[in-house]
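Please open the model in a viewer and keep the selection panel at hand.

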Amino acid sequence: MNLEDQKAREPQQTLRNRISCTGVGLHSGVKVNMTLNPREANSGIVFRRTSVCGDAASVRAHWRNVIDTTLCTTVGNADGTKVATVEHLMAAFAGCGIDNAEVELDGPEVPAMDGSSAPFVDLILHAGLKTRPAPRKALQVLKPVEVEDGSRHAVFLPALRPGIDVEIDFDDPAIGRQHFAFEVSRANFQELVAPARTFGFRREFSALLKAGLARGGSMENAVVVDDDGVANPEGLRFADEFVRHKALDALGDLYLLGAPIIGLYKAHRPGHGLNAKALAALLADESAWRWTSMSDSTVQSERLVHS
């Protein structure tokens with residue numbers, strides 16, 4: 001590699017300073033203190049449960065460690081240590097270009113904050129970004145890889161830059177059919193995707209509580225849909241906030257690869273299970289991808305492609 005090629009490589013990034021926040025777990029309802037710490041190059045994203053001793057405390061943010069995708073993405077290790085609802089924070093890391101960080105938690109779940117990635121983006125930017133002396137790797141999609149799960153389906157397609165394209169279709173008239181696509185860049189993510197909140201239906205709330213889910217859910221951390229439409233007094237942040245949040249979820253779930261994906265992820269009625277299944281299918285076909293490095297030209301474009 002010559003000097004010009006080395007200069008063209010985008011370097012890995014971590015946080016410049018540690019930073020903390022406190023919130024409630026969306027599903028556990030438990031108050032959680034969370035601290036984001038800088039890490040060295042090539043160390044990736046690692047969760048550490050401060051209430052667990054020794055090596056068992058650490059759970060690597062990796063697709064092979066996904067152990068549950070019921071209404072959120074949960075990762076765990078061989079010692080039984082789990083961290084739930086990682087997708088909104090992972091989306092913030094992906095959108096801000098953070099490759100290496102340690103996430104300290106004194107509870108079982110990443111705090112919900114307002115139900116979006118925006119508070120995490122604010123934390124990351126307040127902590128500051130710091131480059132590390134190593135090139136940022138990426139996985140380049142070379143040919144289509146498609147998966148189906150009933151009426152849901154997703155495909156990875158070759159593309160010049162990372163992109164997400166999702167469509168949802170709900171019977172509820174407050175949501176209906178929505179489509180959103182965006183080219184993954186820091187500016188696009190911060191402005192168009194990060195503020196989109198998770199959502200749920202009031203009619204399903206009792207059943208979720210009985211299943212041990214949504215114990216921390218409220219209008220402060222979710223868009224609530226009832227028989228009359230959106231129940232939140234402030235309304236929606238975007239007319240299509242529901243599908244934008246699905247794009248946010250997909251970005252966070254896919255970042256469990258441990259690197260950006262240079263390609264288009266296109267999904268119909270996506271969920272955490274479909275995202276995980278699609279990523280596993282892509283990686284299972286070694287002829288469909290190759291490792292490369294992110295270059296400055298790959299990430300400079302801020303063009304939006306949505307409808």
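A residue is called buried under 20% relative accessible area, exposed over 50%, and partly exposed in between, computed with a 1.4 Å probe on protein chains only. This is a predicted model, in which local features need pLDDT of at least 70 and side-chain atom pairs count only at pLDDT 80 or more, while totals for chains, interfaces and linings use all residues. Residues are numbered from 1 along each chain as its sequence is written, and side-chain values use heavy atoms, with hydrogens and water left out.

**Two loop residues**

Begin by selecting L71, in the loop that joins β6 (66-68) to β7 (74-76). Strands here are DSSP runs of E with at least two residues, helices are runs of H or I with at least four, and both are numbered from the N terminus. L71 is not a glycine, yet its phi is positive, at about 65°. Its relative accessibility is 45%, so L71 is partly exposed.

Next, select T85, in the loop between β8 (82-83) and α2 (87-96). T85 also is not a glycine and has a positive phi, of about 55°. Is T85 buried or exposed? With a relative accessibility of 4%, T85 counts as buried.

**Cysteines**

Now display the cysteine sulfur atoms. A disulfide is taken as a pair of cysteine sulfur atoms within 2.5 Å, and by this rule the count is 0 disulfides. C96 is in no disulfide, and its nearest cysteine sulfur, that of C21, is 14 Å away. C96 is buried, because its relative accessibility is 1%. Select C53 as well: at 70% relative accessibility, C53 is exposed.

**Helices α6 and α7**

Move on to α6 (residues 241-254) and α7 (residues 272-284), whose axes come within 9 Å and cross at roughly 40°. Axes are lines fitted to C-alpha atoms, for helices over the stretch in contact, and angles run from 0 to 180 degrees between N-to-C directions.

To show the contact (heavy atoms within 4.5 Å), select D249, A250, D253 and L254 in α6 together with H272, N275 and L279 in α7.

Finally, select A284, also in helix α7. A284 has a relative accessible area of 65% and is therefore exposed.
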